Amino acid sequence: MKRVFITGAQGQLGLAIIELLKDKQEYELYLTDSRPDLEGIIKMLDITDEASVKSEILSFYPDIIINCAAMTAVDLCETEKERAYAINALGPKYIAKAANSIGAKLIHISTDYVYDGQAQTPYTEEAVPNPISVYGSTKLVGDKFVMDYCPKASIIHTSGVYGEGKNFVRTMLRLADEDRKIRVVSDQIVTPTSSMELARVIVYLMETDSHGKYHATCEGSTNWYEFALKIFKIAGKEPSVEAISTSEYPTPAKRPMYSVLDNKKLREVHGYTMKKWEDALEEYLRRI
Ligand SMILES: NC(=O)c1ccc[n+]([C@@H]2O[C@H](COP(=O)([O-])OP(=O)(O)OC[C@H]3O[C@@H](n4cnc5c(N)ncnc54)[C@H](OP(=O)(O)O)[C@@H]3O)[C@@H](O)[C@H]2O)c1
């Protein structure tokens, strides 16, 4: 039996990974997050507390560690820079040190926001990062710490994640139910990725000798406006939706204008293809 230690277990990705692993006899799970759950299944672990990270990991002695914990509130990161650095950069460093000290396989999750969005073709794993937000910069420092302190780790860059919790899909459905006029930016190109589809890749990579950087998003690309239209079409809703430009919707953090990742390494090294974003969205909307 393999021992799997998960941080950020109550987040969108953490919950999807648990869904995939919870009934598998071959894994024993140790689940942690910044908040414990009511049943006592998910234990409290603040990844910015180095001593606790070390003692929890050493006492469970996992074969595999999956770090899903992060400060993902992109705009809040701009005003709470120190907290963002502690969670997105220092936390991964502490986890990487502990993982390396016991030879555990570490899978760390990162983001498309490490790139500046100036490209016109999908970013491969060889592309040079150049973050334009505090969230992106702190995640990039976290990635570097992970590689420095645990050189065999796998770092998975993904984008536009939706699953259980607050996300774009749920916000659109809520606004449609409230019969609100909806305005959505149409000039930022993205690839929406369901947390379940991402969890499947992670569970697959857990059992391989994966290491280094991976891009893992659903296939294809769209813009947020078209994404919203697709959500409404599949959900059978017909709210009034207006396409707007980024300049009409100012936010504290800058977003990359073109944020499409090429899953080159997954495809070429592992022969692994993720679902098209439209198919993953249909699967998600059928489930909720
Ligand atoms: N969401 C996206 O669109 C997106 C896009 C690209 C990459 N990613 C990356 O994918 C990964 C998973 O994202 P997600 O969407 O599952 O995020 P999420 O739903 O925000 O989950 C993150 C989890 O980490 C927890 N956390 C925050 N601070 C912590 C701390 N100090 N110690 C322990 N846990 C802490 C959060 O708890 P609280 O709720 O209590 O803060 C939350 O449960 C992250 O690495 C993220 O950067 C996400």
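The exercises below treat strand pairing, helix packing and the ligand shell.

The model is predicted: local features require pLDDT of at least 70, side-chain atom pairs count only at pLDDT 80 or more, and totals for chains, interfaces and linings use all residues. Residues are numbered from 1 along each chain as its sequence is written.

**Exercise 1.** Determine which strands pair with strand 1.

*Solution.* Helices (H or I, at least four residues) and strands (E, at least two) are DSSP runs, numbered from the N terminus. Two strands pair if DSSP finds at least two bridges between them. Strand 1 (residues 2-7) runs parallel to strand 2 (residues 27-33), with five bridges joining them; here Arg 3 has Glu 28 as its bridge partner. Strand 1 also runs parallel to strand 4 (residues 64-67), through four bridges, and Ile 6 stands opposite Ile 66 there.

**Exercise 2.** Describe how helix 2 packs against helix 4.

*Solution.* Axes are lines fitted to C-alpha atoms over the stretch in contact, and angles run from 0 to 180 degrees between N-to-C directions. The axes of helix 2 (residues 50-60) and helix 4 come within 9 Å and cross at roughly 30 degrees. Helix 2 is therefore roughly parallel to helix 4, a term for angles under 35 degrees.

**Exercise 3.** State how the residues of the shell around the ligand divide.

*Solution.* The ligand is surrounded by 30 residues, and Gly 8 and Gly 11 are among the closest. Of the shell, 10 residues are nonpolar (Ala, Val, Leu, Ile, Met, Phe, Trp, Tyr, Cys and Pro), five are charged (Asp, Glu, Lys and Arg) and 15 are polar (the others, Gly among them). Helix 1 supplies the largest share, three residues.

Notes:
A residue is near a molecule or strand if its C-beta atom, placed from the backbone, lies within 6 Å of it. Angles under 35 degrees count as roughly parallel, over 145 as roughly antiparallel, 65 to 115 as roughly perpendicular and the rest as oblique.
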